[in-house]
Amino acid sequence: MKWIRYTIETTTAAEDLVSSALADLGIEGVEIENQVPLSETDTAKMFIDIPPELPEDDGISRVSFYLDADSDHEEILSGVREALGELSGFTDVGSAEISVSETEDADWMNNWKEFFHAFTIEADEADGADGTGPEAGRAILIKPTWEDPTAADADKILIEIDPGISFGTGKHETTQLCIRQLMRYVREGDSVLDLGCGSGILSIAALKLGAAHVTGTDIDEDCLSSTRANFEINRLKKSLCDLYLGNLIEDEDLQRQLGTGQYDIVAANILAEVLIPMAPKVPACLKEGGVFIASGIIDFKEEEVKDAIEEAGLFVLEINHQGEWVAITARK
C-alpha cells in the first residue's frame, strides 16, 4: 500500500495547536520537523554523546500526516484548511501551505531488524579481575529472537534480545565494552545494579555470568517494559530482577529504594554528561570493594569522567577503549 504524506508549513509557536487540530479531525499521528535547539533535558535522554548540530532556528515548523488510499482526502483536507483558518484568527500559523508527496508503506517498527544479526562478544585474554575469572575463555552469543543459533554456538553463553523501542542490541561499542567488563568482574552470587537498563541486556548478561540478583533503573517506563520482556525471552525468573523508574542523581526516593552498600557491581552504560553528576551517588550503592563499570563515554571526555569517578572516592582499576568509545572500571 502507498501512503500520501501531507505537510503543513507553519510556525514553531503554532505547531502544537496545529497538531491538536489534526487530532480533533481524527488524524492520530503526526511528524514535526523544526530547528528548535534541544533542551538539556532532551539532550540527556538521547542515546548519543554528541548532539546533532542543527541550523539556526528559523521559526518554521513542518507538521506532516499520512492518509491511505481509502481515506476521503478532499474532505479531510477541507477540514484541515478550515481548522488552519480558525487558528490564524488568534495565532501566527505561518504560510499554512500544504504540500503533498507519496511514500511506500513501511513497517517502521520492524524494518530495522534487517540490520540486527547474531554476533559474539569474546572475553578478554585476562578475563576475571585476577585473570582467572569464571568465564575465562568463554564467549557470549547475542542474537535476535528471530534467528536460530548454530551448532558452532553450542558452548557460548546465549542471550536473546528484542530491543523493541528501547536502546540495547549489544552491537554498540559501549555495550560491548560494558559486557566484557562484566565478564571480567562478575562472580557467582553477586548483586548487580544496572543504571539506565534500556533493553535489560546488561542485567541479563550479569545473571548469565553468575550474578544472583540484578536491579535495574531507567528514566523511561518503556525501557523497564522491554527489560521485563527480554527477561521472559531468556527464561529468567522475575524474582531475579527488581526494576525501578527514576534518576539516581536527583531522585531521593529511588536512592532509598536502592539502599546503601547493597551491590557488588554497579554498571552504567550512559552518556558522559550523565555519568559525571552520577559518580558521587555511586559509592553509596556499592559494597566495600565493589566495582563500578562506567561506559558510554566518548574518548575526548575520558579524563572528565575519570576525574569525576576519582573525586567520588573510587579507585580506577582500568580504562578500556573500543573505537572512539571508553569504559572506566573503578573499585570502592
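What share of the contacts in the protein with a separation of 6 or more is accounted for by residues 24 or more positions apart? The points below start from that question.

1. Basis. This is a predicted model, in which local features need pLDDT of at least 70, side-chain atom pairs count only at pLDDT 80 or more, and totals for chains, interfaces and linings use all residues. Residues are numbered from 1 along each chain as its sequence is written, and side-chain values use heavy atoms, with hydrogens and water left out.

2. Contacts. Residues 24 or more positions apart supply 70% of the contacts with a separation of 6 or more; a contact means heavy atoms within 4.5 Å.

3. Overall make-up. The protein has ten helices and 14 strands. Both are DSSP runs numbered from the N terminus: helices are H or I with at least four residues, strands are E with at least two. Of the 332 residues, 44% are buried. Buried means under 20% relative accessible area, exposed over 50%, and partly exposed in between, with a 1.4 Å probe and protein chains only. The exposed surface comes to about 16600 Å², with carbon and sulfur atoms supplying 49% of it. Accessible areas come from the Shrake-Rupley method with a 1.4 Å probe, and for residues only the protein chains shown count as cover.

4. Ser 19. This residue sits in helix α1, which spans residues 15-24. Ser 19 counts as buried because its relative accessible area is 14%. Beyond its neighbours within four places in sequence, Ser 19 is in contact with Val 30, Ile 32 and Val 63.

5. Salt bridges in total. The structure holds eleven of them. The criterion is a side-chain nitrogen of Lys or Arg within 4 Å of a carboxyl oxygen of Asp or Glu. Arg 5, Glu 31 and Glu 33 are linked in a network of such bridges.

6. Glu 160 and Arg 235. Their side chains form a salt bridge with an N to O distance of 3.5 Å. The pair links distant parts of the chain, 75 residues apart: Glu 160 is in strand β7 (residues 157-161), and Arg 235 is in the loop between α6 (221-233) and β10 (241-245). Glu 160 has a relative accessible area of 11% and is therefore buried, whereas Arg 235 is exposed at 63%.

7. Asp 264 and Lys 287. In this salt bridge the closest N and O atoms are 3.3 Å apart. The two residues lie in strands β11 (residues 263-269) and β12 (residues 286-298) respectively, 23 residues apart, so the pair also links distant parts of the chain. Lys 287 is partly exposed, with 32% relative accessibility.

8. Glu 273 and Lys 301. The N to O distance in this salt bridge is 1.9 Å. Glu 273 is partly exposed at 40% relative accessible area, while Lys 301 is buried at 15%.

9. Most residues other than glycine have a negative phi. Ala 96 lies in the loop between α3 (73-87) and β4 (98-104), and its 22% relative accessibility makes it partly exposed.

10. Second largest pocket. Its volume is about 210 Å³, taken as the space filled by probe spheres set on the grid points, which are joined across faces, edges and corners. On a 1 Å grid over the protein atoms alone, a pocket is an open set of points where a 1.4 Å probe fits, with protein on both sides within 12 Å along at least five of seven lines; lining residues have an atom within 4 Å of a point. The lining has 13 residues, and Trp 3, Gly 29, Val 30, Phe 65 and Tyr 66 lie nearest the centre. Strand β3 (residues 60-68) gives the most to this lining, with four residues.

11. Ile 201. This residue belongs to helix α5 (residues 201-208) and is buried at 3% relative accessibility. The C-alpha atoms of Ile 201 and Phe 231 are separated by 9.0 Å, with the residues 30 apart along the chain.
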